[in-house]
Amino acid sequence: MAPEFLLPDADGRLHSSEQLRREGPLVVSFYRGGWCPFCNAELRALQAVKPEFDSLKAKFVVLSPETRDPPRQLKQQLNLDLTMLADVDYAVAISFGVLFRVPEQTRAHYAGQGYDFAERHGSTEWMLPISATFVIDQGGVIRDAFHRA
């Protein structure tokens, strides 16, 4: 069974996994953040296939620990029509088993490049989800999953 969640979008509207599955399957994709070029490439690819999801009545959401303006800016910058939700306390990534603590050396690298995850995530914890996508049926059962570290 997929963990249930209730998360805000970039405009503060709440979305529940139960509500998102009402009309069809739910596809949940975790991404690290708008600062990650690989994540941005994946979001562009997902945007390109969104009409296929729509034709199957599948709801598609992308989850990131980023809060406040970064998701809104990313949607505009990449011209995305995706539902982007903020996993503000990492609880959903933890419950799906896709969260990791950023190693100190990597943390120093990102900090040296000016990335302030505390500001972007609203948390002083340096944690990120691995890139992962789950297909969940209307009953809440995970039917397929794709993970990459």
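Residues are numbered from 1 along each chain as its sequence is written. In this predicted model, local features need pLDDT of at least 70 and side-chain atom pairs pLDDT 80 or more, while totals for chains, interfaces and linings use all residues, and side-chain values use heavy atoms, without hydrogens and water.

**Exercise 1. Describe the setting of strand β4 (residues 59-64).**

Step 1. Helices (H or I, at least four residues) and strands (E, at least two) are DSSP runs, numbered from the N terminus.

Step 2. Pairing requires at least two DSSP bridges between two strands. Strand β3 (residues 26-30) runs parallel to β4 and is joined to β4 by 5 bridges; L26 stands opposite K59 in β4. With strand β5 (residues 83-86), β4 pairs in the parallel sense over 4 bridges, and V62 stands opposite M84 in β5.

Step 3. A right-handed β-α-β unit is made by β3, helix α2 (residues 37-55) and β4. Another right-handed β-α-β unit consists of β4, helix α3 (residues 69-78) and β5. Right-handed means that, with the strands pointing away from the viewer, the path from the first strand over the helix to the second runs clockwise.

Step 4. Because 5 of its 6 residues are buried, β4 is largely enclosed by the rest of the structure. Buried means under 20% relative accessible area, exposed over 50%, and partly exposed in between (1.4 Å probe, protein chains only).

**Exercise 2. Characterise the largest pocket and its lining.**

Step 1. On a 1 Å grid over the protein atoms alone, a pocket is an open set of points with protein on both sides within 12 Å along at least five of seven lines, whereas a cavity is a set where a 1.4 Å probe fits but cannot get out; lining residues have an atom within 4 Å of a point.

Step 2. The lining comprises 21 residues, of which H15, K50, F60, L82 and T83 lie nearest the pocket centre. Two or more lining residues come from each of α1 (17-20), α2, β4, α3 and β5.

Step 3. By class, the lining has 8 nonpolar, 3 polar and 10 charged residues. Ala, Val, Leu, Ile, Met, Phe, Trp, Tyr, Cys and Pro count as nonpolar, Asp, Glu, Lys and Arg as charged, and the others, Gly among them, as polar.
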